[in-house]
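Okay, thanks for coming, everyone. I'd like to walk you through one model today, so let me put it up on the screen.

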Amino acid sequence: MLALLGQADEEGAIAGGNGDAFALAAVFARLLALCDDDVMRVLSLVMAETLEAGSAVVEALGNHLGIDIGAWWQPDDAFFDLLRDKEIANAKLADLAGKPVADGNVAEKVKTQKKIIRDCLAGENGREKIDNWLPNWMKFPVESYTKRGGFRTADQWASVQPLFVRQ
């Protein structure tokens with residue numbers, strides 16, 4: 001993208017911004033000379049560099065555009081390594097295997113619940129395979145698994161949601 005904008009071939013952000021008005025005007029002039037497809041490519045990268053995951057703006061955009069992250073994301077080992085909360089693991093288990101299975105395993109260790117979740121996602125050990133599953137916090141609109149509060153992304157969405165209610 002830097003080459004497309006006529007900038008030195010260096011690593012760095014396109015949207016870094018350093019207060020240099022001449023540099024900003026030069027980028028703007030270069031954008032005016034590009035075709036629409038190239039401008040959209042640059043815009044996509046600038047958005048990726050500047051939008052903060054979990055922010056009110058990302059929640060507003062995702063809800064307005066009807067984004068389905070499930071087309072591009074699937075749980076990996078890092079996802080399961082970070083899942084340590086028993087209440088949340090049980091809620092995810094209910095999402096995937098149903099409330100009776102979750103209730104039957106509520107006293108089990110998180111490790112056991114994660115194994116059943118993995119089985120559901122892979123269709124192993126007699127579990128029906130679940131495709132395109134998303135955790136509640138990756139959906140639009142975002143949802144929490146608990147009533148504890150303090151889930152920043154849900155709080156961000158709640159703060160801007162009234163702006164997008166159609167009358």
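I'll go through the charged pairs, then a surface patch, and then a few individual residues. One thing to keep in mind: this is a predicted model.

Salt bridges, then. How many does the structure hold? There are 8. Let me pick out some of them.

Start in helix α2, which runs over residues 36-50. R41 pairs with D38 there, with the closest N and O atoms 3.1 Å apart. Why does that pairing work along the helix? These two are 3 residues apart in α2, so about one helical turn separates them. And as you all know, an α-helix has 3.6 residues a turn, so residues three or four places apart point the same way.

Next one: D77 and R118, with their closest N and O atoms at 3.2 Å. D77 belongs to helix α4 (residues 77-82) and R118 to helix α7, so this pair ties together parts that are 41 residues apart in sequence. R118 is partly exposed, with 32% relative accessible area.

Then there's D131 with K129, a salt bridge at 3.6 Å, N to O. D131 counts as exposed, at 54%, and K129 as partly exposed, at 47%.

There's also a network: D85, E87 and R148 are linked by salt bridges. Hold on to E87 and R148, please, they come back in a minute.

Now the surface. Which residues make the nonpolar patch? We have M40, L43, M47, L51, V57, L61, L65, I67 and W72, and together they make about 850 Å². Helices α2 and α3 (56-65) each supply at least two of the patch residues. L51 is in the loop between those two helices, and at 33% relative accessibility it's partly exposed.

While we're on α3, let's look at its buried side. A56, V58, E59, A60 and G62 are buried in this helix, and what covers the buried residues of α3 includes α8. Just after the helix, G66 takes a positive phi, about 65°.

Okay, K92. You'll find K92 in helix α5, residues 86-97. K92 is buried, yet has no salt bridge. So where is the nearest side chain of opposite charge? That's D95, 7.9 Å away. The salt-bridge cut-off is 4 Å. What K92 does touch, beyond its close sequence neighbours within four places, is F79, L83, I117, W133, P135, W137 and Y145.

T146 is in the loop between α7 (110-122) and α8 (152-160). Is T146 buried or exposed? Buried, with a relative accessible area of 13%. Its side chain reaches the backbone nitrogen of R148 at 3.3 Å. And setting aside neighbours within four places in sequence, T146 is in contact with E87 and I88. As a reminder, E87 and R148 are both in that salt-bridge network with D85.

That's my tour. Happy to go back to any of these on the screen.

Definitions and conventions:
Residues numbered from 1 in each chain as written. Predicted model: local features only at pLDDT ≥ 70, side-chain atom pairs only at ≥ 80, totals over all residues. Heavy atoms only, no water. Helix = DSSP H or I, 4+ residues; strand = E, 2+ residues; numbered from the N terminus. Buried < 20%, exposed > 50% of the residue type's maximum accessible area, 1.4 Å probe, protein only. Polar contact = N/O pair within 3.5 Å; in protein donor to acceptor, adjacent residues only side chain to side chain. Contact = heavy atoms within 4.5 Å. Patch = residues over 30% accessible without salt bridge, like charges linked within 9 Å, V, L, I, M, F, W, Y side chains within 5 Å. Areas by Shrake-Rupley, 256 points an atom, 1.4 Å probe, with all protein chains shown as cover. Lys, Arg positive; Asp, Glu negative; His and termini not counted.
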